[in-house]
Amino acid sequence: MASITLDDVTKRFGESGDAVVAVDDVSLDIEDGEFVVFVGPSGSGKSTLMRIVAGLETQSEGDVFIGDALVNQLGPRARDVAMVFQNYALYPNMTVEENMSFGLKMSTDLSEAEIEAQVTEAAEMMGIGNLLDNTPGELSGGQQQRVALGRAIVRDPNVFLMDEPLSNLDAKLRTTMRTEINRLQNDLGVTTLYVTHDQTEAMTMGDRLVVLNYGELQQVGTPLECFYRPANRFVAGFIGSPSMNFFEGDVDGDRLACDGFEYELSERMRSNVGDRSAVTLGARPEDFDLSETPVKGNSVEVTVDVVEPMGSISYVYLRPVDQSHEDTFVVEIDGKRPISEGEQVYAYVEPTDVHLFDAN
Ligand code: ADP
């Protein structure tokens, strides 16, 4: 097991003139045994960063340490990391048993019997003990991914690296495997990096999230920190589903006016605003309330555009009646509350639930 340290890591692809900066000056300390999730939109540099840790890609600048060892010059095998990929990457002509034992046979001088014992143990852990004689083609996607995970476990590596391992599975299986990977990581305590673009995986799996956009670190924090205290508008919009709503506004003395929402600046808001005269106000769908009548002077009159019933909750898309805010915004209400399209109501958010960011 090992900690991982990235020091000012940058990766450029292509010629210097029109190079793509896939990873932009990222520094990160990951503790021994930690489960860290790299999250961000497609193309944000998650896989490249993981591949740099694996030794499958060489950074253009910066240093990578695993434990105390500088590993810049080491290939993947010498780094003692085990990777699990989206496409499983199993050998189609080998049995499950052979797939799981192959790495050990190549890299250790353990006896046949010792290898068999370790493979059996890992297979039991993954619930595939009865499939050892099958070939991958005879298995479902979920079973194949269990084999890929089993193969990683059996190597007993310093670090697990998982790149979107669940994205080829159906929704139900993804939920099951999510829980299993969490349990496994917890039981084994192996430092784990996990790449995903999936909200739910990000919120439920890691000890900490590393949020990336255009190769740049946006925020490093627990899932709840990123959700409740997003460092910037990008993180606020990316973490949470449906996304936070944003309204542009101006600060005038002690008052903030954002597309019809009016607030007297509280101390917290004042310190968030700093010396800016224009800000973006963010509010999550679940933090809005709807009322038949105006509320506290800070509600906005809206028309119900679309109602999306989800069961216990509904998402309601609202269009402001009387102002320049052209876009609809979305609020979450109790699914049992009657509401119909075309209805006019007032939407409001408590000042304590308002987030403030740099103006767009
Ligand atoms: P993510 O995993 O977040 O989807 P990637 O790390 O795959 O992002 O890619 C980050 C950026 O680097 C993208 O713009 C991508 O097109 C580019 N990129 C990744 N790999 C290569 C490569 N081998 N050659 C050129 N560009 C690449």
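Q: How many residues does helix H6 have, and how far does it reach from its first C-alpha to its last?
A: Helix H6 (residues 171-188) has 18 residues and reaches 26 Å from its first C-alpha to its last, which is close to the 26 Å expected at 1.5 Å a residue. The expected span is 1.5 Å times one less than the number of residues in the helix, and helices (H or I, at least four residues) and strands (E, at least two) are DSSP runs numbered from the N terminus.

Q: What should I keep in mind about the source of the model and its numbering?
A: This is a predicted model, in which local features need pLDDT of at least 70 and side-chain atom pairs count only at pLDDT 80 or more, while totals for chains, interfaces and linings use all residues. Residues are numbered from 1 along each chain as its sequence is written.

Q: Back to H6, then: which residue follows it?
A: H6 is followed by Gly-189, whose phi is positive, near 65 degrees.

Q: And where is there a positive phi in a residue other than glycine?
A: That is found at Asp-156, with phi near 50 degrees; Asp-156 lies in the loop between H5 and strand S7 (159-163).

Q: Now H5 itself: at what angle does it pack with H4?
A: Helix H4 (residues 112-125) and helix H5 (residues 141-154) pack at about 135 degrees with their axes 9 Å apart, so H4 is oblique to H5. Axes are lines fitted to C-alpha atoms, for helices over the stretch in contact, and angles run from 0 to 180 degrees between N-to-C directions. Angles under 35 degrees count as roughly parallel, over 145 as roughly antiparallel, 65 to 115 as roughly perpendicular and the rest as oblique.

Q: Which residues make that contact?
A: H4 contributes Gln-118, Val-119, Ala-122, Ala-123 and Met-125, and H5 contributes Gly-150, Ile-153 and Val-154, where contact means that the C-beta atoms, placed from the backbone, lie within 7 Å. By class, the residues of this contact of H4 with H5 divide into six nonpolar, two polar and no charged; Ala, Val, Leu, Ile, Met, Phe, Trp, Tyr, Cys and Pro count as nonpolar, Asp, Glu, Lys and Arg as charged, and the others, Gly among them, as polar.

Q: What about H3 against H5, what is the angle there?
A: Helix H3 (residues 96-107) packs with H5 at about 30 degrees, their axes 8 Å apart, so H3 is roughly parallel to H5. Val-96, Asn-99, Met-100, Gly-103 and Leu-104 in H3 meet Val-147, Gly-150, Arg-151 and Val-154 in H5, and the residues of this contact divide into five nonpolar, three polar and one charged.

Q: And how do H3 and H4 cross?
A: The axes of H3 and H4 come within 10 Å and cross at roughly 130 degrees, and the two helices are therefore oblique to each other. Here Glu-97, Met-100, Ser-101, Leu-104 and Lys-105 in H3 meet Ile-115, Gln-118, Val-119, Ala-122 and Ala-123 in H4.

Q: Changing topic, which residues are around the ligand?
A: They are Phe-13, Val-20, Ala-22, Gly-40, Ser-42, Gly-43, Ser-44, Gly-45, Lys-46, Ser-47 and Thr-48, each with its C-beta atom, placed from the backbone, within 6 Å of the ligand. This shell has three nonpolar, seven polar and one charged residues.

Q: Which element gives the most to that shell?
A: H1 does, with three residues; strand S2 (20-30) and helix H1 (46-54) each supply at least two.

Q: Last one: which peptide bond is cis?
A: The bond from Ser-241 to Pro-242 is cis, with omega near -5 degrees, and Pro-242 lies in the loop between helix H9 (233-238) and strand S11 (245-252).

Methods: Two residues are in contact if their C-beta atoms, placed from the backbone, lie within 7 Å.
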